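Good morning. Please have the sequence and the structure open while I talk.

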There are 4 protein chains.
Amino acid sequence: MIRAKVIGATGYGGVGICELLLQHPEVTIGALVAIENVGKPLSDSYPHLAGHLDTIVQSPNATDAQSPHDVVFMSTPDRVGMKLAQAELEKGAKVIDYSGDFRFNDADGYADYAARLGLETQHAAPDLLPQSVYGLPELHRQDIRKATRIIGNPGCFAVSCTLGLAPAVQAKLIETQGIICDCKTAISGAGKKLQAAFHYPARYENMNAYRLSGHQHVCEIERELGRLAGTALKITFTAQAVPMCRGIMSTLYGTLAAGQTQASVLAAYREFYHDEPFVRVYDHSAALGTIHVRGTNRCNLVVGVDERAGRFRVVSYIDNLMKGQAGSALQNMNILFGFPETTGLDRAGTYP
Amino acid sequence: MIRAKVIGATGYGGVGICELLLQHPEVTIGALVAIENVGKPLSDSYPHLAGHLDTIVQSPNATDAQSPHDVVFMSTPDRVGMKLAQAELEKGAKVIDYSGDFRFNDADGYADYAARLGLETQHAAPDLLPQSVYGLPELHRQDIRKATRIIGNPGCFAVSCTLGLAPAVQAKLIETQGIICDCKTAISGAGKKLQAAFHYPARYENMNAYRLSGHQHVCEIERELGRLAGTALKITFTAQAVPMCRGIMSTLYGTLAAGQTQASVLAAYREFYHDEPFVRVYDHSAALGTIHVRGTNRCNLVVGVDERAGRFRVVSYIDNLMKGQAGSALQNMNILFGFPETTGLDRAGTYP
Amino acid sequence: MIRAKVIGATGYGGVGICELLLQHPEVTIGALVAIENVGKPLSDSYPHLAGHLDTIVQSPNATDAQSPHDVVFMSTPDRVGMKLAQAELEKGAKVIDYSGDFRFNDADGYADYAARLGLETQHAAPDLLPQSVYGLPELHRQDIRKATRIIGNPGCFAVSCTLGLAPAVQAKLIETQGIICDCKTAISGAGKKLQAAFHYPARYENMNAYRLSGHQHVCEIERELGRLAGTALKITFTAQAVPMCRGIMSTLYGTLAAGQTQASVLAAYREFYHDEPFVRVYDHSAALGTIHVRGTNRCNLVVGVDERAGRFRVVSYIDNLMKGQAGSALQNMNILFGFPETTGLDRAGTYP
Amino acid sequence: MIRAKVIGATGYGGVGICELLLQHPEVTIGALVAIENVGKPLSDSYPHLAGHLDTIVQSPNATDAQSPHDVVFMSTPDRVGMKLAQAELEKGAKVIDYSGDFRFNDADGYADYAARLGLETQHAAPDLLPQSVYGLPELHRQDIRKATRIIGNPGCFAVSCTLGLAPAVQAKLIETQGIICDCKTAISGAGKKLQAAFHYPARYENMNAYRLSGHQHVCEIERELGRLAGTALKITFTAQAVPMCRGIMSTLYGTLAAGQTQASVLAAYREFYHDEPFVRVYDHSAALGTIHVRGTNRCNLVVGVDERAGRFRVVSYIDNLMKGQAGSALQNMNILFGFPETTGLDRAGTYP
């Protein structure tokens with residue numbers, strides 16, 4: 001039995017990992033840390049947890065918040081985790097950070113990312129960067145497994161696009177230039193913070209593209225795909241918001257390489273993800289939607305080719321709060337601690 | 001380990017009990033029976049179950065559909081279960097029926113109910129009625145426990161209203177006449193069958209009262225409350241539909257008995273439900289909604305008195321597909337087989 | 001042609017009256033006043049108005065904001081209009097205020113109301129109160145018509161409940177005590193201000209009762225109904241929020257007076273509203289919902305009796321931003337200036 | 001004053017044109033024709049029209065349904081209008097058909113389209129095809145104006161994509177091959193017909209791609225763009241459904257031609273649509289969504305370039321039932337009859 005601390009427990013990402021940990025047979029929740037609702041049970045702000053998780057939320061400076069734990073989930077904004085990680089590592093913890101702080105294991109990669117968000121580009125703990133691993137198990141399982149102590153949990157769009165494109169890029173099913181990621185996200189991806197665009201009357205019947213001048217998740221995707229392709233590449237990425245709570249649907253386009261067909265592409269995807277517990281590959285006759293992955297750690301890929309126009313097209317479906325966030329975090333924890341990878345995650349969602 | 005058969009597996013009620021049984025450590029799903037999608041895995045029509053429940057759906061007449069099981073869930077329309085129950089009982093099963101077929105353990109009670117729905121009023125298996133028990137454990141736990149073989153799982157509105165009013169009626173906190181049940185339901189309560197009123201464009205921004213001339217669940221509520229009150233009573237019941245998927249909010253009004261106050265009413269409710277695992281009592285300062293019970297077997301009651309007008313008011317929240325249907329069914333199964341009552345149901349929902 | 005000024009133009013209430021005034025053949029919009037988006041066209045914050053209303057928003061202190069107009073709509077929070085009204089009156093305007101400031105034409109009535117909201121109970125312009133008229137034309141048309149210069153536009157719940165109960169109370173179809181108003185509102189009723197309860201992920205699948213200890217609209221309803229009844233009365237009022245943008249559904253209950261029936265009640269309602277352009281009376285077989293009044297100034301009443309329980313029940317449907325706010329304001333303006341009452345309001349909504 | 005007949009009056013497209021005609025100063029509605037709700041006022045099935053349009057719905061064979069009118073709107077499924085048009089033309093009407101029947105003015109073009117839908121490919125009135133004009137005024141205004149008697153109203157996706165790409169293709173801002181149309185539609189686009197995918201519980205929290213093997217609107221788009229480009233071209237088209245009632249957002253990608261920049265592209269679009277009353281061009285800093293065109297005949301285009309990747313990207317927003325259907329139909333009628341083009345359409349939507 002290991003003990004977990006959740007920093008940022010009162011946001012959606014914190015609550016999400018708490019819900020999952022409550023069902024995990026090998027973990028107990030030792031401490032909840034946040035800067036709001038301090039001194040009250042978490043179930044005060046999240047009444048669905050009443051009777052399940054009535055643990056008191058601690059201020060970051062409280063003694064209990066500082067106590068050592070085996071694993072620390074940092075569901076905190078950019079540039080918070082980087083300041084807390086060293087102390088947790090010294091107390092013996094393994095750290096899983098949700099932000100961009102540890103998604104890049106060199107200072108330059110981080111600086112590019114930070115610049116896109118208008119953040120300070122200097123990392124606060126550059127010495128830790130080489131020890132960190134990008135937490136996408138389907139591509140980095142071995143690195144996560146071997147003695148890693150810091151995981152940079154991937155961005156939700158990045159999970160969706162990278163899983164959807166990795167086989168195509170690695171097996172050169174498509175050309176490396178001209179990739180387009182047309183991504184639609186539900187609103188919980190923006191977290192709990194109030195924003196005018198997410199006020200119910202402004203959102204219930206509205207969809208829109210946003211941040212057209214550049215989204216920060218592009219860095220991760222290009223880094224991962226470039227690594228697989230063996231060459232740098234640039235993608236076109238469009239973020240769009242739709243009136244839903246959970247779900248990302250990314251429609252991914254590329255120029256089909258010579259000789260590739262619907263059948264060859266499908267076969268390559270099935271081969272690539274053959275042993276993956278959380279990725280399923282479907283052909284383009286499948287009637288799937290985000291609702292079929294809601295509440296699960298699954299990524300469903302509908303793989304096809306527009307043969308009229310000679311174009312490759314994959315539709316990638318995830319739950320942004322699960323495979324896109326807390327689910328991936330738990331999957332990473334399972335690998336870090338040698339638990340079976342599906343522990344606490346092997347559950348169908350609920351429908352409808 | 002017991003084996004379960006689900007008849008009507010392809011409706012929302014059938015899928016709901018399947019999802020729960022998959023998580024129950026003492027049950028395996030032996031057979032799925034339905035009249036649609038026959039011959040295909042259940043996961044074909046419900047892709048979220050892929051890899052979790054790929055069992056083939058059997059036609060009712062198939063040999064496998066006829067095999068004996070320990071428990072049979074009949075998630076079937078009115079007047080179907082009554083024709084199937086005897087054969088299942090003879091094969092040794094315990095039967096839990098979702099419809100009104102076994103909610104009334106005498107033929108007259110059934111006839112009243114059936115008349116409201118415009119159904120034939122003659123029960124098809126009247127000999128079985130005396131053996132059946134109304135499956136609301138909070139009021140009938142002892143009867144369910146003792147060798148019962150047929151459970152009439154309660155209606156979703158009935159669960160909501162009866163739990164919300166039982167303490168008041170039993171302890172005579174309110175007068176027996178003049179009770180009003182103002183009920184609002186999400187759309188999944190009407191099941192999977194297509195209806196013009198539930199077509200997305202007609203529903204996304206619409207709320208309405210319906211069936212104002214009489215709803216069939218009134219019979220159950222009046223029977224249960226009358227039993228507790230020791231006298232027949234008539235309620236006024238209003239069914240209303242709102243654009244949501246899951247949830248019932250019933251606002252329940254009564255004339256406060258002399259001498260009762262906010263404090264006395266609250267104390268009586270807390271006493272009544274003190275040991276109940278699934279019912280929680282809150283005072284009227286609680287900020288609760290249906291979302292806090294979604295996906296759970298909970299009933300949350302916000303108990304209060306409008307002291308200005310001398311009126312009793314309770315707001316009762318459930319998930320119509322859980323405590324209002326499959327969750328209650330599983331709770332009943334746990335009692336019937338002597339499992340701890342919360343087995344497979346002791347889980348917080350997910351938020352948001 | 002008259003000229004209108006809108007104070008509080010950047011809120012939902014301000015935009016709503018602007019949309020209506022744009023279609024009104026006898027009015028031009030002279031000035032838009034607000035404390036946000038000052039100096040920019042209104043169409044900057046409300047792009048649907050681009051090309052229709054690109055007028056610059058003025059700060060309250062700007063010279064243009066002070067210029068005289070024939071009618072001034074004050075879509076401002078409580079206690080703002082009362083400080084601005086005198087100056088506008090002196091410049092010759094007629095004033096229509098959306099808040100509670102002029103809904104009570106005596107200082108005591110106002111104090112009761114203000115206390116419920118936790119506001120200062122002393123009115124800032126008590127001398128103006130006797131000149132004000134409550135702007136519910138169906139009950140006060142004659143008073144509005146005769147030289148009135150200040151209208152207190154009614155609260156949205158109050159419109160819904162008062163119209164739904166007025167005939168019953170006046171004609172003594174029901175007893176004066178024991179009236180219950182069970183009200184469900186869409187979210188736009190709370191305006192544009194961000195609140196945690198109205199963040200999309202917290203709301204899309206949630207309904208809840210709120211402010212159970214007392215809602216401020218009760219004062220208006222009791223005053224109006226008491227006046228019609230000829231005696232003071234107290235109602236029980238429950239406010240509930242559902243995931244919709246526009247619409248109020250109020251289900252109104254009363255104890256049926258001796259001798260009243262479905263037919264007599266329906267006849268009385270039809271008589272009462274016979275000449276009203278915006279109120280329609282239906283019997284309880286009508287399949288109506290809020291969507292059928294959305295975008296219109298209509299109030300649809302489904303009038304019935306629960307004959308089993310001897311109880312009166314009316315379901316009242318309005319659009320909270322139209323008959324519940326800007327539509328009523330325009331109707332009041334039409335009366336004040338002698339225009340046909342339906343001018344600019346005689347339009348079906350759009351469906352779906 | 002002209003008289004209009006609406007065939008298919010009880011569908012969304014029929015009701016939509018009725019709502020618009022009610023506000024048009026130069027038209028009266030003479031006859032409503034449909035195959036359901038025959039013999040009853042249209043307001044029976046659409047209660048928001050009560051008092052506005054209580055005209056009786058006629059069966060197609062009724063005498064009144066056959067009477068001559070100046071304009072006939074055929075809001076009918078594919079292959080219905082082609083059988084009715086000749087008779088209406090002979091009675092002197094101008095005909096506007098919503099289906100694909102008259103979108104192609106030669107038999108081969110029709111056959112391609114019909115094949116995609118699995119329809120019979122032989123047109124039933126091939127002699128009429130050369131007389132028909134494709135009803136997208138921004139590209140075909142002159143042809144519509146000159147004595148045309150049959151308009152093939154364009155498909156909703158086609159309006160969205162063609163308007164979004166026309167300037168780029170015509171001015172060769174992009175290469176003709178490699179165009180991608182990633183389209184997201186609200187659910188009303190599928191009409192009133194019940195479908196499992198549009199049942200509220202299946203849809204409220206679901207988005208999905210559909211018909212990945214080919215959508216029928218592709219034919220129109222390729223024909224129109226090919227004409228502008230002066231060469232045949234093939235696009236990749238993805239249809240996606242999101243949980244909304246009204247709105248299409250199409251994100252349109254192309255390979256930027258050498259030398260083109262954000263500024264040059266924006267300038268070309270502004271020039272192209274300079275005099276268009278219903279198309280507005282914005283740069284990519286605009287915060288727009290479908291809600292800003294809801295209920296209007298507008299098409300808003302957010303025009304930009306992904307300069308990192310050298311890719312052209314336009315986001316096109318329309319209301320699928322207005323500019324995508326009934327609004328375009330009315331715009332076409334205005335041109336056919338010489339009314340100012342914005343008559344009855346010059347109105348902002350409502351917000352929120």
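Domain bounds, as I use them here, come from an automatic or database domain assignment. On that basis chain A is divided into domain 1, residues 2-154 plus 323-337, and domain 2, residues 156-320.

Before going further, some housekeeping. This is a predicted model: local features need pLDDT of at least 70, side-chain atom pairs count only at pLDDT 80 or more, and totals for chains, interfaces and linings use all residues. Residues are numbered from 1 along each chain as its sequence is written, while chains are lettered from A and ligands numbered from 1 in the order in which they are written.

Back to chain A. Taken over C-alpha atoms, the centres of domain 1 and domain 2 of chain A are 25 Å apart. I call two residues in contact if their C-beta atoms, placed from the backbone, lie within 7 Å. By that rule, 19 residues of domain 1 of chain A touch 26 residues of domain 2 of chain A. Which helices of chain A supply at least two residues each to the domain 1 side? They are α5 (107-117), α6 (137-145) and α11 (322-337). Helices (H or I, at least four residues) and strands (E, at least two) are DSSP runs, numbered from the N terminus. α11(A) gives the most to that side of domain 1, six residues. The domain 1 side divides into six nonpolar, eight polar and five charged residues. Here Ala, Val, Leu, Ile, Met, Phe, Trp, Tyr, Cys and Pro count as nonpolar, Asp, Glu, Lys and Arg as charged, and the others, Gly among them, as polar.

Next, chain A and chain D. 41 residues of chain A are in contact with 41 residues of chain D. On the chain A side, the elements giving two or more residues include β8 (179-185), β11 (248-255) and β14 (311-318). The largest share, four residues, comes from β10(A). That side of chain A has 19 nonpolar, 12 polar and 10 charged residues.

Now chains B and D. Copies are superposed by least squares on the C-alpha atoms of residues with pLDDT of at least 70 in both. A rotation of 180 degrees, with 0.0 Å of shift along its axis, puts chain B on chain D with an RMSD of 0.0 Å. The two copies are thus related as by a two-fold rotation axis. Also, 100% of the interface residues of chain B are interface residues in chain D, so the copies meet through the same surface.

On to chain C and its strand β14, residues 311-318. A residue is buried if 20 or more other C-beta atoms lie within 10 Å of its own, exposed if 12 or fewer, and partly exposed in between, with C-beta atoms placed from the backbone. Eight of the eight residues of β14(C) are buried. Both faces are covered, with C:V315 among the buried residues on one side and C:V314 among those on the other.

β14(C) pairs in the antiparallel sense with β11(C) (248-255) over eight bridges. Strands pair if DSSP finds at least two bridges between them. One bridge joins C:M249 to C:Y317. β13(C) (299-306) also pairs with β14(C), antiparallel, over eight bridges, and there C:C299 is the partner of C:I318. β13(C) and β14(C) form a hairpin with four residues between them, and C:G310 in the turn has a positive phi of about 65 degrees.

Last, one residue: is D:H24 buried or exposed? D:H24 is buried, with 20 other C-beta atoms within 10 Å. D:H24 lies in the loop between α1 (12-22) and β2 (27-33) of chain D. Leaving aside neighbours within four places in sequence, D:H24 is in contact with D:T343 and D:G344.
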